[in-house]
Amino acid sequence: MAARQKSMSSSLMGTLVASCLLHMALWVQGGAAVPIVSQCRLDRANFQQPYITNRTFALAHEASLADNNTDVRLIGTKLFQGVKMMERCCMLKQVLNFILEEVLLPQSNRFKPYMQEVVPFLARLNKKLGQCHMECDNQNIQRNVQNLKDTVKKLGESGEIKVIGELNLLFMALKNECTRPGQSSKMDN
């Protein structure tokens, strides 16, 4: 009996020490548990729904018909230039947030009925990514995202239409960079 109590006491002491170390680590970080690079992923099933996929691509197509500027590509290889593969989802989180807040919501009365269906879908993805604590301190990420923002603002309404016309590219980039094939994310369960 005494050996059992000693074993339980040692186990309890180990748990207490581990708990104290965890609390100290969180305190040093300002109270937030922040993983290095994202282990946060979206469920691939989000991108395998034919209806929303078709609506997203239809919206992009309709907007691209109104896009007169064919010399500029916003969501493409230049956006990912200098960004490590493991950091791309983190960057796309920032891009998606910008596109929702600065482009899609202000333009929500255009391109009906697609916009009314695609915006809530993208907002759900943005919310799921927002639950992840990802650090995007890479200077290339910050520069590339700022270049995207500056280009959209410089082009004005034409830039906003271009972003909407490239939502299919954003959709595919999110699918490719923020999911893992065959795995469900804990965020989506």
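What share of the 189 residues in the protein is buried? The answer is 41%. Keep in mind that this is a predicted model.

Let me start with the overall layout. The protein has 7 helices and 0 strands. Read from the N terminus, the order is α-α-α-α-α-α-α. Now the contacts. Take those with a separation of 6 or more: 87% of them join residues 24 or more positions apart.

Next, the disulfide. The structure holds 1. Which residues does the disulfide join? Cys89 and Cys178, with 2.2 Å from S to S. A disulfide, remember, is a covalent bond between the sulfur atoms of two cysteines. For Cys89 and Cys178, the torsion about the S-S bond is about 115°, so this disulfide is right-handed. Where do the two ends sit? Cys89 is in helix 3, and Cys178 is in the segment after helix 7, which spans 167-177. The pair therefore ties together parts that are 89 residues apart in sequence.

Are these cysteines buried or exposed? Cys89 is buried, at 1% relative accessible area. Cys178 is buried too, at 0%. Anything under 20% counts as buried.

Stay in this area for Glu177. Glu177 belongs to helix 7. Its relative accessible area is 14%, so Glu177 is buried. What does Glu177 touch, leaving out residues up to four places away in sequence? Arg41, Phe80, Met85, Arg88, Cys89 and Leu92.

On to the rest of helix 7. Its buried residues are Leu167, Leu170, Phe171, Ala173, Leu174, Lys175 and Glu177. Their cover includes helix 2, helix 3, helix 4 and helix 6. Leu169 is also in helix 7. Leu169 has 27% relative accessibility, so Leu169 counts as partly exposed. Leu169 touches Arg73 and Ile75, not counting residues up to four places away in sequence. Leu169 and Leu74 are 95 residues apart in sequence, yet their C-alpha atoms are 9.3 Å apart in space.

Now to helix packing. Two packed helices are described by the angle between their axes and the distance between the axes. I have two pairs for you.

Pair one is helix 3, residues 88-104, with helix 5, residues 139-155. Their axes come within 10 Å and cross at roughly 20°. Helix 3 and helix 5 are therefore roughly parallel to each other. Their crossing is right-handed. Which residues make the contact? From helix 3, they are Met91, Gln94, Val95, Phe98 and Val103. From helix 5, they are Ile141, Gln142, Asn144, Val145, Leu148, Lys149, Val152 and Lys153. By class, that contact has 8 nonpolar, 3 polar and 2 charged residues.

Zoom in on Val145, in helix 5. Val145 is buried, with a relative accessible area of 3%. Leaving aside neighbours within four places in sequence, Val145 contacts Met91, Gln94 and Val95. What about Leu92? The C-alpha atoms of Val145 and Leu92 are 8.7 Å apart, while 53 residues separate them along the chain. An α-helix has 3.6 residues a turn, so residues three or four places apart point the same way.

Pair two is helix 2 with helix 6. How do they pack? At an angle of about 145°, with their axes 7 Å apart. This crossing is left-handed. Leu59, Ala60, Ala63 and Ser64 come from helix 2. They meet Ile161, Ile164 and Gly165 of helix 6. The contact of helix 2 with helix 6 has 5 nonpolar, 2 polar and no charged residues.

Conventions:
Residues are numbered from 1 along each chain as its sequence is written. This is a predicted model: local features need pLDDT of at least 70, side-chain atom pairs count only at pLDDT 80 or more; totals for chains, interfaces and linings use all residues. Side-chain values use heavy atoms; hydrogens and water are left out. Axes are lines fitted to C-alpha atoms, for helices over the stretch in contact, and angles run from 0 to 180 degrees between N-to-C directions. Helices (H or I, at least four residues) and strands (E, at least two) are DSSP runs, numbered from the N terminus. Angles under 35 degrees count as roughly parallel, over 145 as roughly antiparallel, 65 to 115 as roughly perpendicular and the rest as oblique. A crossing is left-handed if the near helix is turned anticlockwise from the far one by less than a right angle, and right-handed if clockwise. Contact means heavy atoms within 4.5 Å. Ala, Val, Leu, Ile, Met, Phe, Trp, Tyr, Cys and Pro count as nonpolar, Asp, Glu, Lys and Arg as charged, and the others, Gly among them, as polar. A disulfide is a pair of cysteine sulfur atoms within 2.5 Å. Buried means under 20% relative accessible area, exposed over 50%, partly exposed in between (1.4 Å probe, protein chains only).
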